[in-house]
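Here is a short briefing on one structure. Look at the sequence and the 3D view first, then work through the points.

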Amino acid sequence: FGGVVATPMLAIVAAAIGYLLLIGPIDYLLLGRVLGRLELTWATFPAVVVAFAGGSYLLANRYAGEQPRINQLAIIDVDVASGVTRGLVWAQAYSPVATRYDARVTPRGVAGPLAGPAGGYVTWLGMPGGGLAGVDTQADSFSATAAAYRHSETLGEIAGVPINTRSTKSLVARWRGKGPAAIECRLAVADSGLIEGVLTNASGGDLRQAWLAAGDWAWRLGDIADGAVLSIDDTRVPLTFNTLIRRDYLQPGDSAGAAPQFDANNLSLDGLAMLTMFTDTLRRSGFTTLGNGFTPPCDLSGALADGHAVLVARGAQPDGLLKGGAQAGRDPSPDDRCFYRFVLPVTQR
């Protein structure tokens, strides 16, 4: 989390050794051998204790940060033909102090909150079972986590989510509604078997790092400003879907000149998102043998297999799920990700 640093173990060890030296041999040598007044330890000992306790408190607060933080990955899908929009947000929230927060979901499209009817829910994730950090744990805790908290009637808000001091909580939200088409397109399959046509960004917002996928092929489109019109034709060099993911989302190999190979540890944050969003397509091409049993609705491989095209782009991040005391925690985070996917109709020839 931005502004939050784990306390270095070396600093803790050094402080402990320094503390023991000061209240032990240094205190004895200074008061007994140098000053000859050991009774002064009644003043020096509590002074050292207070100094180290206060220093530890200030150091802990410095590393813990002063504001709540939240990192989140959002995937927002738009079916261009019907205007149906759905969203999924995973978030990890951090609190520097033990307190409660409200968590709520705001359905939105590229340009902002959806104007039409929309519904969704927000909830929290936890480990099953009664072990440490389990949702049914019997471990003692402070009172804020012992008390219950409640969902709203629409399930779109949780009131009083407790988070311990310097602790985190995982949240997830989904929504579904209807908005404008966002992308105007005329795409068709050419004689070459690839697609061609015209795309217009009518979403009301800028799209960044965009690329278009159709079947086993993909085209890099770059940044697309609001209102921009793009031609998809033979002047754009296509890449296989597998190649685009390897080149753009795998981190470099360990040795100089080594081609990146699939490894969960080799994937960037964006690469992990792509693996979730197109699991079957990547598995079919030999990129991975992993499945996606936990979040199958995220996988749009079926849309590609059915002859649709999918436009993928980075866009504006939805508001943070945590409200109240965490408002200040929505400073831009380098770990925030928001991907928009537009399912586009393609005319078959």
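Val-13 is partly exposed, because its relative accessible area is 40%, which lies between the 20% limit for buried and the 50% limit for exposed. The model is predicted. Two topics follow.

**Val-13 and its patch**
- Val-13 sits in helix H1, which covers residues 9-34.
- Val-13 also belongs to a nonpolar surface patch of about 590 Å².

- Strands of a sheet pair through backbone hydrogen bonds, either parallel or antiparallel.
- Here, three strands form an open sheet in the order S8-S9-S12, and the pairing is antiparallel.
- Strand S8 (183-189) and strand S12 (229-232) stand at the edges.
- Each edge strand has a single partner strand, so one side of each has no neighbour in the sheet.
- On average, neighbouring strands of this sheet are turned by 5° against each other, direction ignored.

**Strand S12 in detail**
- S12 pairs with strand S9 (residues 195-201) in the antiparallel sense, over four bridges.
- Leu-230 in S12 is the bridge partner of Leu-199.
- Ile-232 in S12 stands opposite Gly-197.
- In a regular strand the side chains alternate between the two faces of the sheet.
- Which side chains of S12 are buried? Leu-230 and Ile-232 are buried, and they point to one face.

Definitions and conventions
Residues numbered from 1 in each chain as written. Predicted model: local features only at pLDDT ≥ 70, side-chain atom pairs only at ≥ 80, totals over all residues. Heavy atoms only, no water. Patch = residues over 30% accessible without salt bridge, like charges linked within 9 Å, V, L, I, M, F, W, Y side chains within 5 Å. Areas by Shrake-Rupley, 256 points an atom, 1.4 Å probe, with all protein chains shown as cover. Salt bridge = Lys/Arg side-chain N within 4 Å of Asp/Glu carboxyl O. Helix = DSSP H or I, 4+ residues; strand = E, 2+ residues; numbered from the N terminus. Buried < 20%, exposed > 50% of the residue type's maximum accessible area, 1.4 Å probe, protein only. Pairing = 2+ DSSP bridges. Axes fitted to C-alpha atoms, helices over the stretch in contact; angles between N-to-C directions.
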